[in-house]
Amino acid sequence: LHRVDRRQRQMCIRDSICYRCWCGNRFINILKRSAQMVIGYYVLQFIISYLATMLFSVIFNAPRRLLLACGFVGAMGWIIYKVTLDIELGKVMASFLGSFILAIMSHTMSRRYKRPVIIFIVPGIIPLVPGGLAYEATRYLVSNQYTHAVNTFLEVTLISGAIAFGILCAEIIYYLYTRIKQHIGKMNGKIYKKSYNMNLSLIHI
């Protein structure tokens with residue numbers, strides 16, 4: 001009887017271990033599939049926003065060699081917007097962070113390619129502009145739904161203000177960075193001159 005009990009206990013232990021391993025593998029597979037779906041979703045968003053920004057750059061007569069850079073800047077701003085929106089921080093915060101990162105990258109690309117920063121900001125900001133909400137607000141206004149119209153117009157105003165404030169913050173931060181770098185360079189005996197960029201950044205000779 002003791003031998004039978006031991007065998008039954010061993011079989012129960014083996015079954016429980018196998019069941020736990022099966023549950024663990026199942027959970028890992030679900031996590032892998034979820035991660036693949038999330039990555040695929042953001043890759044698709046990146047590609048679509050990249051193409052949209054690049055096409056708007058063509059409409060705005062951006063130089064051909066800057067089309068890829070413009071598309072990358074706009075796509076990064078849109079990805080930051082989508083990630084912030086998906087973690088439920090709100091459209092206003094998402095618009096602020098998206099425009100802030102977009103403006104920082106625009107200044108970086110402007111310095112890299114020695115071209116005006118507006119070439120990168122204007123096409124890149126198009127995906128963030130709340131055109132759909134503005135259309136909905138106008139439709140509510142025309143259909144005499146004034147409460148919905150006022151609320152939607154207020155949301156459009158907040159999002160637009162967040163976009164402008166994000167660009168402004170990036171401009172201030174980049175300007176301060178450039179001034180500090182210029183001051184340190186002058187202390188080391190370097191000579192600076194005004195760059196071709198439309199922003200206030202300076203480049204070293």
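Tutor: In this predicted model, Leu 133, Ala 134, Glu 136, Ala 137, Thr 138, Tyr 140 and Leu 141 of α5 meet Tyr 146, His 148, Ala 149, Thr 152, Phe 153, Glu 155, Val 156 and Ile 159 of α6. Contact means heavy atoms within 4.5 Å, and helices are DSSP runs (H or I, at least four residues) numbered from the N terminus. Local features need pLDDT of at least 70, side-chain atom pairs count only at pLDDT 80 or more, and totals for chains, interfaces and linings use all residues. Residues are numbered from 1 along each chain, and side-chain values use heavy atoms, without hydrogens and water.

Student: How is the geometry of α5 and α6 described?

Tutor: Two packed helices are described by the angle and the distance between their axes. Here the axes of α5 (residues 131–142) and α6 (residues 146–187) come within 8 Å and cross at roughly 155 degrees; axes are lines fitted to C-alpha atoms over the stretch in contact, with angles from 0 to 180 degrees between N-to-C directions. The two helices are therefore roughly antiparallel (over 145 degrees).

Student: What is the largest nonpolar core, and which residues have the most contacts inside it?

Tutor: In soluble globular proteins, nonpolar side chains tend to be buried together. The largest nonpolar core has 25 residues, and Leu 102, Ile 119, Phe 120 and Leu 128 have the most contacts inside it. Such a core joins buried Ala, Val, Leu, Ile, Met, Phe, Trp, Tyr and Cys residues through side-chain atoms within 4.5 Å, where buried means under 20% relative accessible area (1.4 Å probe, protein chains only). Helix α2 gives the most to this core, with seven residues.

Definitions and conventions. Angles under 35 degrees count as roughly parallel, over 145 as roughly antiparallel, 65 to 115 as roughly perpendicular and the rest as oblique. Buried means under 20% relative accessible area, exposed over 50%, partly exposed in between (1.4 Å probe, protein chains only).
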